[in-house]
Amino acid sequence: MIVLLIIRKCRRKGGTPVYFSYGKTEVEYLKSRDKILGEIIDKIGPVERKVDTDLFSSVVHHIIGQQISTKAQETIWKRMQDGLGSVNAESIAAADVSALQSFGITFRKAEYIKDFAKKVESGEFDLDSLSHMSDEEAVRRLASLKGIGVWTAEMILLFCLQRPDIFSYDDLAILRGLRMVYHHRKIDRKLFEKYRRRFSPCCSVASLYLWAVAGGAIPGMKDYAPKRK
């Protein structure tokens, strides 16, 4: 099995962005496994996707972002940072639900975030323990939190913990990217698992490129899904 050289970077001082870390090892592996994806990788080049290495703030950030635009998510996140000074278990637990709502989130999201902070403060939810769990165990543990589903948990594993083998069937953009790259009209679970096995243990990097394709990184590529009438 290929040895992955994923560097766990910490947040740099001064707010310098940290990006998902991968390199030649992962790229060459994927290219050896799939010629078509290899051509996509060569056309797009390196993909930079920001990560948040603070697990607590990553969970909060993902809860905020559910069912709203990225722009709205970032606006609310900045308000919360400015209002609380620091987004951590102590500052969230000390704020009441109405104060959290005032940053622009719903009552339910405020309750989810408050509940998460209380569980971290009390020790009921051990953030550090996630780093010692398998992907499947970590997803189950995160999904046990109010407001966190399987897809959100998988995104936290990828964009916070930088797990190297995340491939989410619940991610519509990944499904779109697969249809565009391989000219499928539909991606069912069986077909999806075929690609997972092919890309593993570098599924996270494959995900980065499929997201890029779905977002229009290569002009002229189209989605082969049947058009809705």
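Buried here means under 20% relative accessible area, and the legends below apply that term to a predicted model.

View 1. C203 counts as buried because its relative accessibility is 0%, which falls under the 20% limit. C160 likewise counts as buried, since its relative accessibility is 5%. A disulfide is a covalent bond between the sulfur atoms of two cysteines.

**View 2. The stacked pair of F56 and F116.** A pair of aromatic rings is described by the distance of the centres and the angle of the planes. Among the 9 aromatic pairs counted in the model, the one formed by F56 and F116 is stacked, with 4.7 Å from centre to centre and 15 degrees between the planes. This pair links distant parts of the chain, as F56 belongs to helix α3 (residues 55–65) and F116 to helix α7 (residues 107–122), with the two residues 60 residues apart. Both F56 and F116 are buried.

**View 3. An aromatic cluster, with a lysine over the ring of Y195.** The residues F167, Y169, Y182, F192, Y195 and F199 together form one aromatic cluster. At one member of this cluster, Y195, the residue K194 lies over the ring face, 5.0 Å from the ring centre.

**View 4. An arginine over a tryptophan ring.** The charged end of R49 is placed over the ring of W211, at 5.0 Å from the centre of that ring.

Note on methods: Residues are numbered from 1 along each chain as its sequence is written. This is a predicted model: local features need pLDDT of at least 70, side-chain atom pairs count only at pLDDT 80 or more; totals for chains, interfaces and linings use all residues. Side-chain values use heavy atoms; hydrogens and water are left out. Rings of Phe, Tyr and Trp (its six-membered ring) pair if their centres lie within 6.5 Å; planes under 30 degrees apart count as stacked, over 60 as edge-to-face and the rest as tilted. Helices (H or I, at least four residues) and strands (E, at least two) are DSSP runs, numbered from the N terminus. Buried means under 20% relative accessible area, exposed over 50%, partly exposed in between (1.4 Å probe, protein chains only). A charge sits over a ring if NZ of Lys or CZ of Arg is within 6 Å of the ring centre and within 35 degrees of the ring normal.
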